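Here is a short report for a reader new to this structure. Look at the sequence and the model first, then read on.

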Amino acid sequence: MTQAEPAVAPASAGSERLRTALASKQARVAVVGLGFAGLPQAVVIAEAGFTVTGIDVDGERVAQLARGESYITDVTADQLHALRRTGHFHATTEAAALTEADCVVVCVPTGITAERRPVLDALERALGTIADTVRPPALVIIESSVPPGTTRRVARLLDSHGSGNDDRGGAAPGERVFVAHAPERIDPGNRQYGLRETPRVVGGETAAALDLARQFYAQCGVTTVPVASVEVAELTKVFENTFRFVNISLVNELAQIATALNVSAWEVLEAASTKPYGFMPHEPGPGVGGSCIPVIPFFLADVAERLGAPSHLIAAAERVNTFMPQYVTDRAAALLGRRDGDLAGCHILVLGVTYKPDQSDCRHSPAVPVVERLIAAGATVRVHDPLVTEAAGLHPAASFAPLTAEVVAAADLVVVVTPHRSLDYELVLSHARCILDTRNALRDRAAPNVVPL
Ligand SMILES: NC(=O)c1ccc[n+]([C@@H]2O[C@H](COP(=O)([O-])OP(=O)(O)OC[C@H]3O[C@@H](n4cnc5c(N)ncnc54)[C@H](O)[C@@H]3O)[C@@H](O)[C@H]2O)c1
């Protein structure tokens, strides 16, 4: 617990009712937003023995869940079927289901504009609906990533909205609807650290909200790290992602310096990693992707700018990371003997278009700008990904192709962008003329036709 922990919560009738309902797992839980973060979270809560209603505005996703189909790699159809059999989970598009909820977990998307400004409209809409619908006493936990200052601001929506919530009117903050922020730390595909194995940072709008949120996660088998306020929890999350963003940019720069020096950045990183203290390895690559690393640091930059505080490193890191697709293109041109960078007449096969190995999520995937740069340089580009057959934003001139000996052999260069485990690397190695391996995925297969980034 940090030093400025809120004082021990004075019990109220509302918090006592919630505490009893959480202790017996009779509390009814609603998870709002059933995406990459919300669906696995809903499953963990339901598997802990709570009855969970998942609410999503996407009717297609809700219909898939009703059929027991999962659209998230980390949630299996078997898990959904088991939860349907026990009646512990069902999904709906009906926000009216919130009237039954004692605890609402908010996992709606947050993002940034093209100008790198926070976009919080889905969160504000969801909070407005919750305010109109939920019946106090209730615990509302915001798990979506937000710029520091947001939780306290949007919690006020719970005061100003709707008829269903008039119990809160005039009550002390948190007396009726208890608001906490417990930012998602999910790492899709991470088999070692799932939701249950990753401690949860929790801040409460009030001490009572913090206590209730901690009790809720404890009942789900999740360890919590209580912090002094919702702002500490918010800043912790955005700092974690910024730490990754900045360090990835540092190794991306290292990759460029090492190549200029004609040494292997990967060997340098391996050697540096033998230092038993004070070094944490990050890996270079074609850029950063996903809904968090390329997005959340700008929540920090935005709030810093508003407060007149510095955030120079975020801007510098962005310049380095967004240059990487061009760097990959420059390396491709050099490997193809095109010193002027003109790739006209070159056939390039890009392997992997999702942002992360073994995941089907294409959001902010660096494959999109890599393909764009290659095509802009004149190349003819084919792409292959064993997990997806389309990717939003991918250049229309890039065609998806199956991974066959003919397709590989027809390429002047193969560029590994996202090294899925299910890619047939033996086939690629035996038929490719040259492979630019942007993730050093083939490090263990010393082959003359492989060049790491
Ligand atoms: N994906 C990750 O790996 C990850 C990791 C850590 C944190 N997060 C954070 O979790 C939050 C959710 O991200 P995600 O990746 O799950 O997004 P997502 O786009 O995969 O899922 C969000 C879901 O919310 C639904 N939705 C949107 N508005 C809604 C509303 N008003 N009411 C009900 N449903 C609504 C969408 O239809 C969608 O199904 C974000 O703040 C993100 O930063 C995500």
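## Cysteines and domains

The sulfur of Cys292 lies 12 Å from the closest cysteine sulfur, in Cys107, so the two are too far apart for a bond. A disulfide needs a pair of cysteine sulfur atoms within 2.5 Å. Such a link is a covalent bond between the sulfur atoms of two cysteines.

This is a predicted model, where local features need pLDDT of at least 70, side-chain atom pairs count only at pLDDT 80 or more, and totals for chains, interfaces and linings use all residues. Residues are numbered from 1 along each chain as its sequence is written, and side-chain values use heavy atoms, with hydrogens and water left out.

The structure holds zero disulfides. Cys103 is in none; its nearest cysteine sulfur, that of Cys220, is 7.9 Å away.

How accessible are the cysteines Cys103 and Cys292? The table gives the values. Buried means under 20% relative accessible area, exposed over 50%, and partly exposed in between (1.4 Å probe, protein chains only).

| Residue | Relative accessible area | Class |
|---|---|---|
| Cys103 | 1% | buried |
| Cys292 | 24% | partly exposed |

Now the domains. The domain assignment, automatic or from a database, gives domain 1 (13-228) and domain 2 (270-452). Their C-alpha centres lie 34 Å apart.

How many residues of domain 1 and domain 2 are in contact? In domain 1 there are 17, and they meet 18 of domain 2. Contact means heavy atoms within 4.5 Å.

Domain 1 and domain 2 bury about 1500 Å² between them, with 53% of it on carbon and sulfur atoms. Buried area is the accessible area (1.4 Å probe) that two parts lose on being put together, summed over both.

Four salt bridges cross the interface of domain 1 and domain 2. The rule asks for a side-chain nitrogen of Lys or Arg within 4 Å of a carboxyl oxygen of Asp or Glu. The side chains of Arg117 and Asp302 form a salt bridge at 2.7 Å, N to O.
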